[in-house]
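Subject: Structure handover

Hello,

Here is the structure we discussed. Please load it first, then read the notes below.

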Amino acid sequence: MATETAQSADSTTPANEPAHTAHPGHLQLEDRIWLLRAMLLMRGIEERAMSLYRQGKVPGSFYDGYGQEAVSAGAAFAMAPEDRLCILHRDLAAHLIRGVTPVRILSQYMGRAAGITRGRDGNVHFGDRRLGCVGMVSMLPDMMLVATGMAMAFKLRGERRCALTWFGDGSTSRGDFHEAMNWAGVQKLPVVFVLENNQYAYSTPLDKQFAVDPVERAAAYGFTGVTVDGNDAEAMFEATLAARQRAVDGDGPTLIEAVTMRMHGHAAHDDMKYVPKEQVEEWRRRDPVERQERRLRELDVDVDALRAAVTAEIDAAATEALAGPMPSGDDVLDGVFATEAEPLGDGQAPWSGYAKAAATGGDA
Ligand SMILES: Cc1ncc(C[n+]2csc(CCOP(=O)(O)OP(=O)(O)O)c2C)c(N)n1
Ligand SMILES: [Mg+2]
């Protein structure tokens, strides 16, 4: 029931100093490259989507997770295929790590037939249950309750699997937060709560949201709370791997507070005038993508080639998505209700680092 601080050793490293140290844990070089790749894909896809939005090709609004890529990449990378993830609006890297392809994501944003919901919903409310990604509902933070409910089911069935949900700092002031945290604590459920503390809930800064850091509340519900540098993908991975281990061992939930910054407006329409420029500048120096790049450059990884490959992949995906048809009105009601029960399978997570961590003698 401790509240720990699990900062990465280089969390205060300035941009010009070595940054490759720090994570003695389970990650091999290949994994560290994959974490960067997932973050580059997320950033590149969202930048492309924002420009498509400005061209009028993405209906509604658009939400991105610029500057927060490490939170979803690091946490998702620690989860096993049989686990279930409730992925929120700034967590695109989690979908990518579970195997959702860039073309499906860009098609989704544009409401095309090849999108994950086949054109039934736009932007960020999607999930592919076959990959263990549960589609989010917009009411915040109701996915905390969904994750808790799934964890309850895993416990009742005696299954060794875990649920994880992300949610924002704004969510911590809602009643559903309390309900989920309390029930998970009482039942010692196999669930990981990742609080994405990005300094703002829309235009409301943290000091107008709560009088104590919400990570402190974990102790009051009877379980562990840890604070992690949310701009460090490797620190996120290690903290989540440990939390998952506690969960499947029957030691109950963990609240992980990932400290990060929302570098863009709440959504495409928001110029974030209410955010002091110095605050943005300070966080820009802690950019999670650049940090992982620095680590890998120091290990002689050809980061420029990786960047070029990711850009080419996104270009191809955007071309394919733009050429794809809109959904047909004739089958609009298909798939709204289940016609037969589909058992929860084992899931897939082709890019997760979990299996490797387990194989290398990690505590997974
Ligand atoms: C119950 C509820 N109230 C209001 C909203 C509208 N809304 C969507 S995102 C958001 C801000 C959420 O802030 P936070 O939880 O910190 O997440 P962030 O967007 O910063 O990642 C609001 C108010 C909502 N989706 N659900
Ligand atoms: Mg927030």
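Start with one pair of helices: α1 and α2 are oblique to each other. Note that this is a predicted model.

**α1 against α2**

The axes of α1 (residues 29-54) and α2 (residues 69-76) come within 9 Å. They cross at roughly 135°. Angles over 145 degrees would count as roughly antiparallel, and 65 to 115 as roughly perpendicular, so this pair falls under oblique. The crossing of α1 past α2 is right-handed. On the α1 side, the contact residues are L35, A38, M39, M42 and R43. They meet E69, A70, S72, A73 and G74 of α2.

**α1 against α11**

Helix α1 also packs with α11 (residues 303-323), their axes coming within 9 Å and crossing at roughly 40°. That angle makes α1 oblique to α11. Here too, α1 passes in a right-handed crossing. From α1, the residues involved are I33, L36, R37, L40, L41, G44, I45, R48 and L52. Their partners in α11 are V303, L306, R307, V310, E313, I314, D315, A318 and L322. Residues three or four places apart in an α-helix point the same way, because there are 3.6 residues a turn.

**L306**

Is L306 buried or exposed? L306 is buried, at a relative accessible area of 12%, and the cut-off for buried is under 20%. Leaving out residues up to four places away in sequence, L306 touches I33, L36, R37 and L40.

**α10**

What surrounds α10 (residues 288-298)? Eight of its 11 residues are buried, so α10 is largely enclosed by the rest of the structure. The buried ones are P288, V289, R291, Q292, E293, R294, R295 and L296. Their cover includes α1, α2, β8 (224-229), α8 and α11. Both ends of α10 have something to check. At its start, a side-chain oxygen of D287 comes to within 3.0 Å of the backbone nitrogen of V289. After α10 comes D300, with a positive phi near 65°.

**α8**

Helix α8 covers residues 233-248, which is 16 residues. From first C-alpha to last, α8 reaches 22 Å, close to the 22 Å expected at 1.5 Å a residue. Of the 16 residues in α8, 14 are buried, leaving the helix mostly covered. At the start of α8, a side-chain oxygen of D232 lies within 3.0 Å of the backbone nitrogen of E234. Just after α8, G250 has a positive phi of about 85°.

**D176**

Last item: D176, found in α6 (residues 175-187). The relative accessible area of D176 is 12%, which makes it buried. What does D176 touch, not counting residues up to four places away in sequence? The contacts are L140, P141, D142 and L145.

**Where to look first**

Begin with α1, which meets both α2 and α11. Then move to α10, whose buried residues have α1, α2 and α11 among their cover. Finish with α8, also part of that cover.

Best wishes

Methods
Residues numbered from 1 in each chain as written. Chains lettered and ligands numbered in written order. Predicted model: local features only at pLDDT ≥ 70, side-chain atom pairs only at ≥ 80, totals over all residues. Heavy atoms only, no water. Helix = DSSP H or I, 4+ residues; strand = E, 2+ residues; numbered from the N terminus. Expected span 1.5 Å × (residues − 1). Buried < 20%, exposed > 50% of the residue type's maximum accessible area, 1.4 Å probe, protein only. Polar contact = N/O pair within 3.5 Å; in protein donor to acceptor, adjacent residues only side chain to side chain. Axes fitted to C-alpha atoms, helices over the stretch in contact; angles between N-to-C directions. Parallel < 35°, antiparallel > 145°, perpendicular 65-115°, else oblique. Left-handed = near helix turned anticlockwise from the far one by under 90°. Contact = heavy atoms within 4.5 Å.
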